[in-house]
There are 2 protein chains.
Amino acid sequence: MAPSGQGNPLRADIARLLNPASVAMIGASEDQTKFGGRAFRNLMRHRYAGAIFPINPAREALFGLKAYPHVGATPAPPDMVVMAIPQPKVLDAIRASAAAGARGAVIITAKFAEAGPEGAAAEAELVSAARQAGMRLIGPNCLGVISPANKLVLCSSPALDVENLIEAPIGMVSQSGALMATLFDRAWDRGIGFSHCISVGNQADLELCDFVEYLIGDARTKVITSYVEGIKDPVRFLSLARAARAAGKPWLMVKAGRTETGTRAAFSHTASLAGSWRSFAAACRENGVQLMDEPDAMILLAAALARFPGRRVDRVAVITTSGGSGAITADRLTDRGIALASFAPATEQALAQEFMAGQAANPVDLGGRKTGEAVDIGGTSVKHVAADPAVDLLLLAITTAPMLDRTTAGLADAAIAAGKPYLFVMQPGKAAAAARRALLKRKALFTDTIDDAVRAAEAWVELSHPIERKPAVRPPGLGTSAAPATGATNEAETKALLAHYGIPVNQGDVAIDEPEAVAIARRIGYPVALKAVSAELVHKSDAGGVALELRDAPALTKAMSDMRAAIARARPAARLEGFLVQQMIAGEAELILGIERDPQFGPFVLVGAGGALTELLGDAALASAPLAPDDALVLLQRLKVWKLLQGMRGRRKLDVAAVVDAIVRLSWLAHDLRDDLAEFDINPLIVRADGNGCVAVDARARFEKRLESK
Amino acid sequence: MAPSGQGNPLRADIARLLNPASVAMIGASEDQTKFGGRAFRNLMRHRYAGAIFPINPAREALFGLKAYPHVGATPAPPDMVVMAIPQPKVLDAIRASAAAGARGAVIITAKFAEAGPEGAAAEAELVSAARQAGMRLIGPNCLGVISPANKLVLCSSPALDVENLIEAPIGMVSQSGALMATLFDRAWDRGIGFSHCISVGNQADLELCDFVEYLIGDARTKVITSYVEGIKDPVRFLSLARAARAAGKPWLMVKAGRTETGTRAAFSHTASLAGSWRSFAAACRENGVQLMDEPDAMILLAAALARFPGRRVDRVAVITTSGGSGAITADRLTDRGIALASFAPATEQALAQEFMAGQAANPVDLGGRKTGEAVDIGGTSVKHVAADPAVDLLLLAITTAPMLDRTTAGLADAAIAAGKPYLFVMQPGKAAAAARRALLKRKALFTDTIDDAVRAAEAWVELSHPIERKPAVRPPGLGTSAAPATGATNEAETKALLAHYGIPVNQGDVAIDEPEAVAIARRIGYPVALKAVSAELVHKSDAGGVALELRDAPALTKAMSDMRAAIARARPAARLEGFLVQQMIAGEAELILGIERDPQFGPFVLVGAGGALTELLGDAALASAPLAPDDALVLLQRLKVWKLLQGMRGRRKLDVAAVVDAIVRLSWLAHDLRDDLAEFDINPLIVRADGNGCVAVDARARFEKRLESK
């Protein structure tokens, strides 16, 4: 893959689709209640420079432009064909377009793969017909293309009913056409434009990643935005993510399916491919794709990043026309963990000229001025605040106020002159219409909600701290291991695997009867734990199969006979293979170390709060396997329980180095057995004080060949 | 207090201020760059039925209305006087108004108490002058009054620059004038009106609660909204909250200061009164005030509650014009813990007529239809979904779409006809202008953001599950106790207090030397814990003052001498009063039980995850003391660790009844010592298996007379 290379045929194909010499529109009409009518009008009105061939056998001319009876009748081969025609007619239209020499087609028509197996078969036929002719397809079931950079609109949406296209270095690729048009529309209202927007629909031929690859190499695109429901080719996706990062082009993404209900909504047909959100999120984080949960906020951030490329954001200053709004904005920033800057003494002194005692602080409430009107001091306030080196981003929270347009204009002029990242939050509705016009005239960045400003700020902070993974090196002396047979392994087998990878496990052995158990306990020392060994008992403790803190032989033998009875009661069918007699390990904290195999993105290591806290806290972080010690440490630092490991509140510092080593080793186990290992949990890993290591005291695994394994 | 009673003088005063027979406006002009110019114009344009007396010595007439040189020159005593004049002139104007027979005044002018001690003194003079004359004041430093119910506008904001006032049964009281006007403006854009909106400013005379009391008794108000920075009279506030609930009028509130930075922003002068957010939130929750974090969402919910009074909401159905938007909305609802309804088979069958296989589910994507356009099936889809008894609220998430106005109108007509709560989320900008007009024409409820719809739904669910506190009854045999002297108590003293209240503590005694310690240990049984006793060691473990799991006499004596040495090193000045030798208590879970004294709202009991988890999780719930067993149980059920108490994952069920009893007893301790007890923590309270009770193994307290104590 050479995304920005010369002579890349995919790149050339897409470049031509987005900037064709001519466009034929099948089904073009003047009827604005029809797709073909709206799409034709949208294409005509935005000053597309190429030739337009409306195809309509019933008409001589449409909006004064000569019409053609069929796609073969155009005076020159149409570079690109757009069709919004009934589903059964699409295949013929593709064939006719190919015969006429078309290089590409946009298929708006729906009821293909998304409608079931029959539709999928019809869709496959389209692709096959197109490929035979060397034609590329966008869609079907898409909303087409809006390319302000090329003044090309192949899209029927009423969102295009605007007097001009705004060109800006922001690309958009979307798996939802309606969402693309909606975002385009709201962005336009805020003066935000795009280079190219592509609705990819069912991605029968060209898919989302094809367009991302194009945008990475496109000189007119600096930021890439995307709405994604599923990734078709995970290896390529990750490779593109790294290419975008290398090119210095932030890639922002809203992906449906963060939650189970959202996943059901997004993937009514393809739920099996959804994978886990957290492993996807980890893959994005590691490779520089910035996930967001609100598309409008994504566009806002894209506009800010395009305006202020490469700028880091950590701390925010709020300037507001209302103390109430300042307080609410401060609360909301704090909710999302965004720091408000503390002003330097020089800034406070400069502000104190204009503001009452105690008011020269962040947030700056223009209502706290000594005299005059907000309009008189807005500009200088922005100047002073923007000059403070502690301030990375200005949030200008605007409520209704007298002379709001002049006040807003003054703030905007000062913010633009200061050259520091800023965002306006326009909280009134129509009362701020003139103020919004003042911002639009200045091409100033604004949103209408605190929510989106806060989201943009939060994501900007995250983007300012990219994860740069270190190369993972296999620990010295660590060999690979073959996988056990398919199925669940018992604890002894699982621990043998851990021991093979150099992860400390508590001593112990399997006993068949009481005398053997007592002999083992004498060897390893009391107190001991006793655990039933049976592949059929996945959650041993549920069936009475675990006894802890057994202090002597009588306690041990009694526990063993009690356990036999309990299991016979709870799980009469479970076959008891023996009893594991183990050292009791005392420690200061419990972690879970696990392996999660994503069907698309491969093995990830999971680290989190262990024991009872695992389910309670959901405090877990993931990284793709294998990983370097530095990255294992970063993973631990992302946990809430990191505080505990560091020795919170006079407690002892725990053995972080030992945990890091265990994570690294487990990541190699995950890597080596990636095609066989379905699940793997060490829970708990007992962590002891610094220097005393950590010990895996319980572990379970399930092996299952990966369907997609190479 | 008799909020809805007849002959309540406060009520009569406010009724007259909001509906005066005449208004004099000091500083009235035609100049729209001045407060007096805008306020005068706003008053004239909205068809106020009373007499208007512009006061302007330089003019004969203003906008064709006769002007008067001073407030004493009006043809009749002005009921209400509005003034937006320089600060130094306000006192004279109040005196002149009183002399002219005015009953009330709105003082827009700022630079009073909010500007420092001098301003506060000037403000006190205003109040004193007004009270002598029996005049009531709104402000100073306020934005006045907007009363659509009385067609009265005493407000200079450009938000009033609209063709009509919309009357609706929603009251608003705000400590921020700019925010009030901003909310009024955005609400108007959505067709949402109000009964009365009052900006209370510095609350020199009439304060927020006065107006809330009025609104509770006002027949034209059904829902009360408020923006609050601080509560002046907490007892009255809580009493009004209960009165509003009794009257069936939801009281919604956005309060600044949820976070420390927000508090600093809201209370630059009055931080000492802020109290803790969590005790305030607990007080609101118990008394029925619904807190929200976004004012726009508050207004949206108020409009919905006014439209659908008394309707409960638990489960939501999403109907959308775009699958992408449906997926995102589902994710966002799930994020906030809002359940999507599962449709009944009858609903699915009915939808299956129109929708493709697998698409007749929640969220309903109109794009998943079999044939035709969204406009054809929108109405019937809404009808079927609304008829499902599992659905309490319909969210209609609208993106750009062809014939969007007709599609939206069809959905709205069906939603209105169904009579079930609904909210439209209009995601496009100007492309939905005609659709928004269609909604406005139908007075349909809508917002422009998923965020606010989700917030409104979340708060509606909370309102549907009000906390009804049971009467707290002192446990039999429990006497009250006197407070120890001011200061911190040592562990032995604190535990004696707990024991007095019947809360189980672990056995133990204070030893001076090793032989005494060994004797105590022999009596209570090994293993034991050893803790240094010293009022100067608040965090004993930080100084090496805690040793656990001592199994025999040699271990105990060694620990004791080690401890002496450690404390001498860490805190040479700390006076050692002895060593506490205690039973080691084994158990299944650790809780914290605490008392938090709010400077305004009195004592609260706090229950949360204990031990190391206290700081890690922030998993805590509060309730005002004293409390009944049922309410103690509810408190426990709100915790994340509730799962643990119930016996998660095959673990044993823990002794919840014992914990409930301990909470109740602690709540009486909090109540009895409310004027003396500054802080009290039991941490950990060890909870054992069901039937085995719970034991406080560590506790600390600090006593300090309440400044405001009665």
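Biologist: Are helix 18 of chain A and helix 19 of chain A parallel, perpendicular or oblique to each other?

Modeller: Please note first that this is a predicted model. In general, two packed helices are described by the angle between their axes and the distance between the axes. Here, helix 18 (residues 514–524) and helix 19 (residues 553–570) of chain A pack at about 140°, their axes being 10 Å apart. Helix 18 of chain A and helix 19 of chain A are therefore oblique to each other, and their crossing is right-handed.

Biologist: Which residues make the contact of these two helices of chain A?

Modeller: Helix 18 of chain A contributes A:Glu514, A:Ala517, A:Val518 and A:Ala521, while helix 19 of chain A contributes A:Ala553, A:Leu556, A:Thr557 and A:Met560. By class, this contact has 6 nonpolar residues, 1 polar and 1 charged. The spacing follows a general idea: an α-helix has 3.6 residues a turn, so residues three or four places apart point the same way.

Biologist: At what angle do helix 21 of chain B and helix 23 of chain B pack?

Modeller: Helix 21 (residues 629–637) and helix 23 (residues 656–672) of chain B pack at about 110°, with axes 9 Å apart. That angle makes helix 21 of chain B roughly perpendicular to helix 23 of chain B. The crossing of these two helices of chain B is right-handed. Among the residues in contact are B:Leu633 and B:Leu636 of helix 21 and B:Val660 and B:Ile663 of helix 23 of chain B. The residues of this contact divide into 10 nonpolar, no polar and no charged.

Biologist: Which residues of helix 7 of chain B are buried?

Modeller: They are B:Phe237, B:Leu238, B:Leu240, B:Ala241, B:Ala243 and B:Ala244. What covers them includes helix 6, strand 12, strand 13, helix 9 and strand 14 of chain B. Helix 7 of chain B has 13 residues, 234–246, and reaches 18 Å from its first C-alpha to its last, close to the 18 Å expected. Just after helix 7 of chain B, B:Gly248 takes a positive phi of about 70°.

Biologist: How many residues does each chain give to the contact of chain A and chain B?

Modeller: The contact takes 77 residues from chain A and 76 residues from chain B. On the side of chain A that touches chain B, the largest share, 11 residues, comes from helix 11 of chain A. By class, that side of chain A has 30 nonpolar, 29 polar and 18 charged residues.

Notes
Residues are numbered from 1 along each chain as its sequence is written. Chains are lettered from A and ligands numbered from 1 in the order in which they are written. This is a predicted model: local features need pLDDT of at least 70, side-chain atom pairs count only at pLDDT 80 or more; totals for chains, interfaces and linings use all residues. Two residues are in contact if their C-beta atoms, placed from the backbone, lie within 7 Å. Helices (H or I, at least four residues) and strands (E, at least two) are DSSP runs, numbered from the N terminus. Ala, Val, Leu, Ile, Met, Phe, Trp, Tyr, Cys and Pro count as nonpolar, Asp, Glu, Lys and Arg as charged, and the others, Gly among them, as polar. The expected span of a helix is 1.5 Å times one less than its number of residues. A residue is buried if 20 or more other C-beta atoms lie within 10 Å of its own, exposed if 12 or fewer, and partly exposed in between; C-beta atoms are placed from the backbone. Axes are lines fitted to C-alpha atoms, for helices over the stretch in contact, and angles run from 0 to 180 degrees between N-to-C directions. Angles under 35 degrees count as roughly parallel, over 145 as roughly antiparallel, 65 to 115 as roughly perpendicular and the rest as oblique. A crossing is left-handed if the near helix is turned anticlockwise from the far one by less than a right angle, and right-handed if clockwise.
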